[in-house]
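Hi everyone, thanks for coming along.

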Amino acid sequence: MAWLGFAILALVLWGITGVTQKLSTNRISSERSFLWFCWAMVALSAVVVVAARPHWGLGTTVVVCSVAGGALNGLGAWTSFKALESGGKASIVISLISLFPLLTVMLAVVLLHERLTWMQMAGAVVAIAAAILLSLESAPPKVGA
Amino acid sequence: MLAHEWAPTKSPKGEGFRMSETSRLHRLPLWLFWSLVTIVLWGSWGLVSKVASDGVDAYMNQLLFTVGIAPLLVFVSWKVRRGVASEKREGRNRGIFWAFLTGILGGVGNMAYFQAMVKGGKASVVTPVTALFPMVTVLLALVFLEERLGRLQWVGLGLAFVAIYLLNA
């Protein structure tokens with residue numbers, strides 16, 4: 001059951017990042033936040049090159065797609081910093097953007113001709129309802145109320 | 001609906017969204033706009049990573065991710081340098097600390113996710129379970145950031161967790 005420990009570790013660490021992102025954008029711009037997020041990635045990669053043994057023998061398609069994926073993921077990290085900087089609550093923004101598999105599933109159906117499972121169909125419907133409800137902001141308190 | 005009515009509107013930091021009930025129906029808050037852009041970017045990333053996932057281990061994933069963000073790093077460095085004069089200095093070091101920590105925790109989390117599968121966890125179990133990480137964020141945000149949510153947002157959160165699980169299963 002060692003895998004469960006790693007899965008829980010990933011869950012907790014990713015969960016904490018939602019709050020650290022907000023703490024960062026409360027103090028500095030989303031650009032500077034993202035810049036230091038990138039430097040952390042560079043530092044981690046340096047550790048990986050020195051301490052770990054990455055599997056180098058990859059095909060061109062895999063490398064190109066992985067690098068493109070890194071760029072898309074990085075841009076997404078930047079825009080998530082911008083969402084938090086713009087006044088979005090961490091609990092709402094992080095939950096909302098975590099619905100991104102909805103788009104992945106839709107793109108996979110259109111571009112890769114994958115078939116939707118019943119679970120995914122149900123997930124898509126629930127995700128749309130969730131996104132609408134999450135995006136509803138409570139009205140500001142009335143003066144004198 | 002006119003296009004300009006959906007132009008994102010900036011809300012003051014930490015003060016919520018100040019708009020009348022009527023205009024709120026027609027305008028997209030800036031935080032929501034950027035959240036939707038994030039969904040588009042990460043949704044596309046999800047598709048690209050479907051193609052790229054064969055043969056990439058946790059370490060190569062980290063290295064290739066860094067190669068991918070390298071141009072962004074250069075661009076953002078230039079942007080930050082240009083805007084440095086208008087930025088306030090107070091709290092900058094703390095902000096940088098939290099941003100750097102975000103990167104480290106996110107990167108180590110990615111490696112732990114890969115490691116979970118190396119250690120025998122099935123992707124069909126590990127992925128939906130770890131995808132529920134916003135639950136941790138919500139819990140911490142309520143306690144440490146003292147965020148308060150409306151009733152409908154609570155319902156939305158519940159549905160989001162169900163949806164995240166179903167979409168990743």
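**Helix packing and the A–B interface**

Let's begin in chain B, where helix α4 (residues 92-118) and helix α5 (residues 123-130) pack with their axes 9 Å apart, at an angle of about 155 degrees. The helices here are DSSP runs of H or I with at least four residues, strands are runs of E with at least two, and both are numbered from the N terminus. The axes are lines fitted to C-alpha atoms, for helices over the stretch in contact, and the angles run from 0 to 180 degrees between N-to-C directions. So α4(B) is roughly antiparallel to α5(B); the word covers angles over 145 degrees, while under 35 is roughly parallel, 65 to 115 roughly perpendicular and the rest oblique.

Before I go on, a word on where this comes from. This is a predicted model, in which local features need pLDDT of at least 70 and side-chain atom pairs count only at pLDDT 80 or more, while totals for chains, interfaces and linings use all residues. Residues are numbered from 1 along each chain as its sequence is written, and chains are lettered from A and ligands numbered from 1 in the order in which they are written.

Back to our pair: α4(B) and α5(B) cross in a right-handed way, meaning that the near helix is turned clockwise from the far one by less than a right angle, with anticlockwise being left-handed. Which residues make the contact? On α4(B) they are Tyr113(B), Ala116(B) and Met117(B), and on α5(B) they are Ala123(B), Val126(B) and Thr130(B). A contact here is two residues whose C-beta atoms, placed from the backbone, lie within 7 Å. Five of these residues are nonpolar, one is polar and none is charged.

Now over to chain A. The axes of α3(A) and α4(A) come within 10 Å and cross at roughly 150 degrees, so these two helices are roughly antiparallel. Their crossing is right-handed. Ser80(A), Ala83(A) and Leu84(A) of α3(A) meet Ala90(A), Val93(A) and Ile97(A) of α4(A), and again that contact has five nonpolar residues, one polar and no charged.

How many residues does the whole interface involve? In chain A 103 residues touch 112 residues of chain B. α1(A) gives the largest share of chain A's side, 21 residues. That side divides into 65 nonpolar, 30 polar and eight charged residues.

Finally, confidence. The complex has an ipTM of 0.88 and a pTM of 0.84 from the predictor. On pLDDT, the predictor's confidence in each residue from 0 to 100, chain A averages 88, with 94% of residues scoring at least 70. Chain B has a mean of 81, with 82% of its residues at 70 or more. Its residues 1-23 are below 50, yet that stretch has 37 contacts beyond near neighbours in sequence in the model.

Terms used. Nonpolar A, V, L, I, M, F, W, Y, C, P; charged D, E, K, R; others polar.
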